[in-house]
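Visitor: I would like to learn how to read a protein model feature by feature. Could you take me through one, giving the general idea before each case?

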Amino acid sequence: MTEPKPLRADARRNRARVLSAAEDVFAAQGTGASTEEVARAAGVGIGTVFRHFPTKEALLEAVLLERLHRFVAEVARWAEAEDPGNAFYSFLGQWVDMGTAKNAYIDALAAAGAAAPRLGGEAQQRVLDALGTLLTRAQRAGTVREDVEVPELIALLVGASRALEYLGEDTSSRRRTVQIIFDGLRPSHRR
């Protein structure tokens, strides 16, 4: 099997513009937004969208993968933050928000009969390692219970992202729900 030819500079710019526009359109209108709307927002023709992403599912998958890769880079930054407690809870808040958006993409792909992309291998390990570092640093700073481990934390975050879907657009309830979960992670003397 041969490697695909690298894209010309203008094709790379168009692809990046389509991905950026798709993320904005899907965030504003949901994953049901049309590829025509994405093309309009990107300032390209629909043919350009389909040249880079032959199906809407391919576009959804590419946007999701782009978000996941940005997330991987973000977790590493938080793991090195100066204030471990603030970094831990700030990152978890981002994880829950990202998880809710990720779920919408995964649900749309599943409805179309497509498999959702997953972070695997090195990227997944980097997230787990950085999350472990964040957790350990926050525990040592006394802002997270000592008995919490990474697998339990991931289960809580996955559950929280699905729970927020139930609340819809009620931002006040969403914020309170996340705060309740975070309070459960704090040592009893800090609740």
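Guide: What follows goes from the overall fold to the helices, then to the core and to a loop. Please keep in mind that this is a predicted model.

Visitor: How many helices and how many strands does the secondary structure come to?

Guide: A first reading counts the elements and follows their order. Here the secondary structure comes to 8 helices and 0 strands, and from the N terminus on the elements run α-α-α-α-α-α-α-α. Of the 191 residues, 40% count as buried. Among contacts between residues at least 6 apart in sequence, 68% join residues at least 24 apart.

Visitor: Which residues of α1 are buried, and which of its residues meet α4?

Guide: The buried residues of α1 are A11, N14, V18, L19, A21, A22, E23, V25 and F26. On the α1 side of the contact with α4 are R15, V18, L19, A22, E23 and F26, and they meet K56, L59, L60, A62, V63, E66, R67 and R70 of α4. By class, this contact has 8 nonpolar, no polar and 6 charged residues.

Visitor: At what angle do α1 and α4 pack?

Guide: A packing angle is read together with the separation of the axes. Helix α4 covers residues 56–79, and α1 packs with α4 at an angle of about 90°, the axes being 10 Å apart. The two helices are therefore roughly perpendicular to each other.

Visitor: Which residues of the largest nonpolar core touch the most other members?

Guide: The general idea is that in soluble globular proteins nonpolar side chains tend to be buried together. In this model the largest nonpolar core has 32 residues, of which F88, F91, L92, L134, L153 and L185 touch the most other members. At least two residues of this core come from each of α4, α5, α6, α7 and α8, and the largest share, 8 residues, comes from α5. A second, separate core of 17 residues includes V25, A33, V44 and V49.

Visitor: Is L157 buried or exposed?

Guide: The cut-off to apply is that buried means under 20% relative accessible area. L157 lies in helix α7, residues 150–167, and counts as buried because its relative accessibility is 3%. Neighbours within four places in sequence aside, L157 is in contact with L92, W95 and V96. L157 and I181 are 24 residues apart in sequence, while their C-alpha atoms are 9.0 Å apart in space.

Visitor: Where is V144 found, and what does V144 touch?

Guide: A loop residue is read in the way a helix residue is, by accessibility and then by contacts. V144 is found in the loop between α6 and α7, and is buried, with a relative accessible area of 1%. Beyond residues up to four places away in sequence, V144 touches F88, Y89, L135, A138, Q139, L185 and P187.

Visitor: Why does V148 count as buried, and why does R145 count as partly exposed?

Guide: Both answers rest on relative accessibility. V148, in the loop between α6 and α7, counts as buried because its value is 9%, and V148 touches L135, Q139, L153 and L185, not counting residues up to four places away in sequence. R145, found in the loop between α6 and α7, counts as partly exposed because its value is 28%. R145 and S188 are 43 residues apart in sequence and 7.8 Å apart in space, C-alpha to C-alpha.

Terms used. Residues are numbered from 1 along each chain as its sequence is written. This is a predicted model: local features need pLDDT of at least 70, side-chain atom pairs count only at pLDDT 80 or more; totals for chains, interfaces and linings use all residues. Side-chain values use heavy atoms; hydrogens and water are left out. Helices (H or I, at least four residues) and strands (E, at least two) are DSSP runs, numbered from the N terminus. Buried means under 20% relative accessible area, exposed over 50%, partly exposed in between (1.4 Å probe, protein chains only). Contact means heavy atoms within 4.5 Å. Axes are lines fitted to C-alpha atoms, for helices over the stretch in contact, and angles run from 0 to 180 degrees between N-to-C directions. Angles under 35 degrees count as roughly parallel, over 145 as roughly antiparallel, 65 to 115 as roughly perpendicular and the rest as oblique. Ala, Val, Leu, Ile, Met, Phe, Trp, Tyr, Cys and Pro count as nonpolar, Asp, Glu, Lys and Arg as charged, and the others, Gly among them, as polar. A nonpolar core is a set of buried Ala, Val, Leu, Ile, Met, Phe, Trp, Tyr and Cys residues joined through side-chain atoms within 4.5 Å.
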